[in-house]
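Please look at the sequence and the 3D structure shown here before reading on.

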Amino acid sequence: MDNEFVCLRLTTLLFEKLFLTRIQPILHEKRIILHHQFFFRQKDATIEQAHSMTNVIITALQSNKHCTAAFLDISQAFDKVWHEGLLYKIKPLLPDSIYKILKPYLENRHFLIKYREECTSLHPILSGVPQGSVLGPLLYLLYTADSPTTTDSTTATFADDTAVLTTHEDPAIATHRLQIHLNKIQLRLKKWRMRANETKSVQVTFILKKNTCPPVQLNNKQLTQPEVKYLGIHLDQKLTRRKHISLKRKHLDLKQRKLYWIIGRKSQLSPVNRLLVYKAILKPIWTYGVQL
């Protein structure tokens with residue numbers, strides 16, 4: 001039974017990789033994936049998206065403008081992909097042959113719960129992309145490809161991590177533009193059975209002045225916070241990165257102490273292997289985000 005399961009899993013994995021190779025040129029040609037979505041795109045990583053977003057903030061600060069941003073947390077984003085809604089969306093976007101492959105791939109999925117020797121009956125899975133699958137991230141991007149945008153705001157998205165920024169000399173106008181965009185996002189999420197978590201979503205105003213932008217609302221709750229962590233980068237109102245550097249230093253010191261027995265002076269490990277441990281574990285900690 002275990003061998004059959006392994007063979008089936010490997011066959012499915014191979015199919016998904018081949019299917020992904022076939023569908024990527026179509027996505028690129030039709031520009032289905034939004035330009036501000038950096039997830040699952042070749043040569044684009046979290047640091048590129050963070051750089052794109054901070055560039056907007058720096059430009060606003062240099063122009064002495066108010067830049068207010070909302071960082072949204074989508075509740076159980078990948079688990080909330082409604083299968084019927086996803087198929088409805090991709091039918092006009094993709095060739096019929098591709099649609100006919102994806103339809104049975106999503107439908108007729110079931111789950112059960114097993115505790116010791118007891119099992120529940122089978123129940124249909126009506127939402128959520130397959131966990132650990134190659135096509136899972138792509139299906140989520142197709143489901144969110146119609147996310148609303150406005151000409152007065154900038155959107156930065158990496159998977160389900162979404163940031164919306166607006167800039168203006170008048171703080172009230174900047175907030176008004178941001179609220180308009182958030183209202184559109186709320187309507188879109190409600191229509192497609194998703195929800196933004198207002199308790200984990202925050203609003204940060206990036207400004208060198210003393211005054212700040214009025215708070216915006218998400219699900220009838222005000223959002224405001226002096227700093228935020230976005231894609232592993234800690235951002236404060238004046239973009240000093242002081243907290244980011246401090247936390248990186250603490251993290252690095254903690255890791256170094258744990259590894260001292262293997263990379264310290266008394267370690268019997270060869271210098272070549274000690275250098276390998278440093279490059280694999282310690283170096284990524286302090287180099288991530290160093291470009292910014």
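This is a predicted model: local features need pLDDT of at least 70, side-chain atom pairs count only at pLDDT 80 or more; totals for chains, interfaces and linings use all residues.

Residues are numbered from 1 along each chain as its sequence is written, and side-chain values use heavy atoms, with hydrogens and water left out.

The protein chain holds nine helices and twelve strands, where helices (H or I, at least four residues) and strands (E, at least two) are DSSP runs numbered from the N terminus. Some values for the chain as a whole are set out below.

| Property of the protein chain | Value |
|---|---|
| Span of the C-alpha trace along its principal axes | about 65 × 60 × 45 Å |
| Accessible surface (Shrake-Rupley method, 1.4 Å probe) | about 18,000 Å² |
| Part of that surface belonging to carbon and sulfur atoms | 56% |
| Buried residues among the 292 residues | 40% |

Here, buried means under 20% relative accessible area, with a 1.4 Å probe and protein chains only. Contact means heavy atoms within 4.5 Å, and of the contacts with a separation of 6 or more, 70% are between residues 24 or more positions apart.

A nonpolar core is a set of buried Ala, Val, Leu, Ile, Met, Phe, Trp, Tyr and Cys residues joined through side-chain atoms within 4.5 Å. The largest one has 66 residues, of which Met 53, Phe 71, Leu 94 and Phe 206 touch the most other members. Helix 5 (residues 136-143) gives the most to this core, namely six residues. Another core, of five residues, lies apart from it and includes Leu 259, Val 277, Leu 282 and Ile 285. Leaving aside neighbours within four places in sequence, Phe 206 is in contact with several residues, among them Ile 57, Leu 61, Phe 71, Leu 235 and Leu 239.

Which residues of helix 3 are buried? They are His 83, Gly 85, Leu 86, Leu 87, Lys 89 and Ile 90, and with six of its eight residues buried, helix 3 (residues 83-90) is mostly covered. Helix 4 (96-106), helix 5 and helix 6 (171-191) are included in what covers these buried residues.

Thr 155 lies in strand 6 (residues 154-158), and Thr 155 counts as buried because its relative accessibility is 14%. Not counting residues up to four places away in sequence, Thr 155 touches His 36, Thr 149, Thr 162, Ala 163 and His 181.

Conventions
Buried means under 20% relative accessible area, exposed over 50%, partly exposed in between (1.4 Å probe, protein chains only).
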